[in-house]
Amino acid sequence: MPRYFIHFHQVFLVVLCGYVSYAQKQERWLQKFHPDSLVNRDVKLFPMPIVQSSPETGLRAGFSIDYFFNTGHARDSIQSRDSFAWLVATYSTRRQLVIEPIWQIYTRNEKYLLRGQAGHTDFSEYFWGIGNEVLNLDSPTTMFYSRTYFQGEFLRKMVPNIFAGLQIQISATRNINFNHSTGDLLNDVRGRANSHTSGIGPNLIFDFRDNPFSPTQGWFLELSYVPHNRKLQSEYNFKEMLLDGRKYFELPKNQFIGFQILGNFSWGDVPLRELPRLGGVNMMRGMVQGRYRDKNMVAFQAEYRKGINRFLKIAAFGSSGMVSENISNFSTKNIHYTYGLGLRILVNKKKNLYSRIDFARSSEGNNAFYFKLMDAF
C-alpha cells in the first residue's frame, strides 16, 4: 500500500477521534442542519433566492431578504401575531427590474396593523387591449414603462381581530412606449398611458385567520374605497373599491381546503396602468398578468392541500375570473379559467411558514412556474 495512503488514514483517524471527543461535550455542528433542526429554529432573517418562470416575465431571478418578528411580550394579555418585512429585487430575461419592500406588521397587543408595499420598476408587459375583445394571444404588443409607487394601509384595532383605518395610494407611471403600433387599439389608450395618481380612503379588515403566513382555519375580509382626484394632486379623477374575502377549512387526515373571492371595481377616468387585471403569481395563476383588463374585475379561487410527511404537502388549485367595463355587463361567456398543481415545503414549524412551488396552466394554453415564500392566499 502506498505510504502516502497510510499517512492519510493516520491523519484522518486522529481528526475523527478528536471530533468524536469534542462532540461528546457539545452539539454536533452538522446536527444544526438536520431538517428537524432547521424547521424548528426560530427564524428571523431569511435570505432567499428567487427563481420564477411565467408568461409575463420569462425567466426571472433575484433575491429577497425576509425578516420575521413579533412585537409582543410573553406577559401581554393579547398575543400579537407574527409580522414580516421583505425586500425583493429581481431581474428577468425580458429586462424587467423590480425593487420592492413589502410589509405586514401587527404592533404590540395588535393595537395597530400596518400593511403595504412600495417600489420602483422598469418593466415591460404584454398588452392585448382593454376588455374582452382583445388581440390574439400570440400577437400582443409590448408595453415598456417606469413606475414608482406606494400603497400603505394604516389601521387601528376596533375590537379583537377587526381593524379600521386609511389606505393611501400613490403611483407615477412614466416613459410608456409600445414596441409596435396596433392601430385603433393604441389610439384609444395613448392619452391615458403616462399617469400620476394619488388617493386616500377608508379601509376595513376582519382578520380571524389562525396564522398570517399559511392559514388553515378561520376567515379574512378586506373592504376598501379609495377616491383619486386633483385635490390630492392626482392627474386623473377616478374611484376604486376592493373586496377580498377568504375562508379556510382544516379537514381530517392532514388535509385543508381554502377559498378566496376577489373583486376590484373602479369608475371614472381610470389610467391604463391602474386598470384591474387578471393573472399573476397569487390569483389566476397560469394566466399572463394583464391578458384581460378593464374597469371591473372579479376572480375566485380554491386550493386543496394534503400533507404527505412532516415537511411536504401537495396542492391542487383552480381559479376563474372575468373583466367588464361595467358591473352590469359581467357575463358567464367571458369567464376564464386556470388550474395547477403544487408542492408546499415547510420552512419553519413555529411560524407555520411554507414555501411553494406551483405549476399552472390557463384555459388558453399558457404554462407558468412559480417558486415563492408563503401561500398564495
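## Exercises on strands, cores and rings

S214 is buried, with a relative accessible area of 1% (buried means under 20%, exposed over 50%, partly exposed in between, with a 1.4 Å probe and protein chains only). The model is predicted: local features need pLDDT of at least 70, side-chain atom pairs count only at pLDDT 80 or more, and totals for chains, interfaces and linings use all residues. Residues are numbered from 1 along each chain as its sequence is written, and side-chain values use heavy atoms, with hydrogens and water left out.

**Exercise 1.** Find the place of S214 and list what it touches.

*Solution.* Start with the loop between β8 (195–207) and β9 (218–228), where S214 sits. Strands here are DSSP runs of E with at least two residues, numbered from the N terminus. Next, look for contacts, meaning heavy atoms within 4.5 Å. Not counting residues up to four places away in sequence, S214 touches R305, N352, Y354 and D375.

**Exercise 2.** Trace how β6 pairs with β5 and with β7.

*Solution.* Recall that two strands pair if DSSP finds at least two bridges between them. Begin with β5 (residues 112–127) and β6 (residues 141–159), antiparallel over 16 bridges; here Y112 has R156 as its bridge partner in β6. Then move on to β7 (residues 162–178), which runs antiparallel to β6 and is joined to it by 15 bridges. Y149 is partnered there by S171. Finally, check the hairpin of β6 and β7: two residues lie between the strands, and N161 takes a positive phi near 75°.

**Exercise 3.** Work out which residues touch the most other members of the largest nonpolar core.

*Solution.* A nonpolar core is a set of buried Ala, Val, Leu, Ile, Met, Phe, Trp, Tyr and Cys residues joined through side-chain atoms within 4.5 Å. The largest has 13 residues, and F127, M143, Y145, I176, F178 and L272 touch the most other members. Now ask which elements give two or more residues to this core: they are β5, β6 and β7.

**Exercise 4.** Classify the ring pair F123 and Y145.

*Solution.* Rings of Phe, Tyr and Trp (its six-membered ring) pair if their centres lie within 6.5 Å; planes under 30 degrees apart count as stacked, over 60 as edge-to-face and the rest as tilted. The whole structure holds 16 aromatic pairs. In this one the centres are 6.1 Å apart and the planes at 45°, so the pair is tilted. F123 lies in strand β5 and Y145 in strand β6, so the pair ties together parts that are 22 residues apart in sequence. Both F123 and Y145 are buried.

Note on methods: Helix = DSSP H or I, 4+ residues; strand = E, 2+ residues; numbered from the N terminus.
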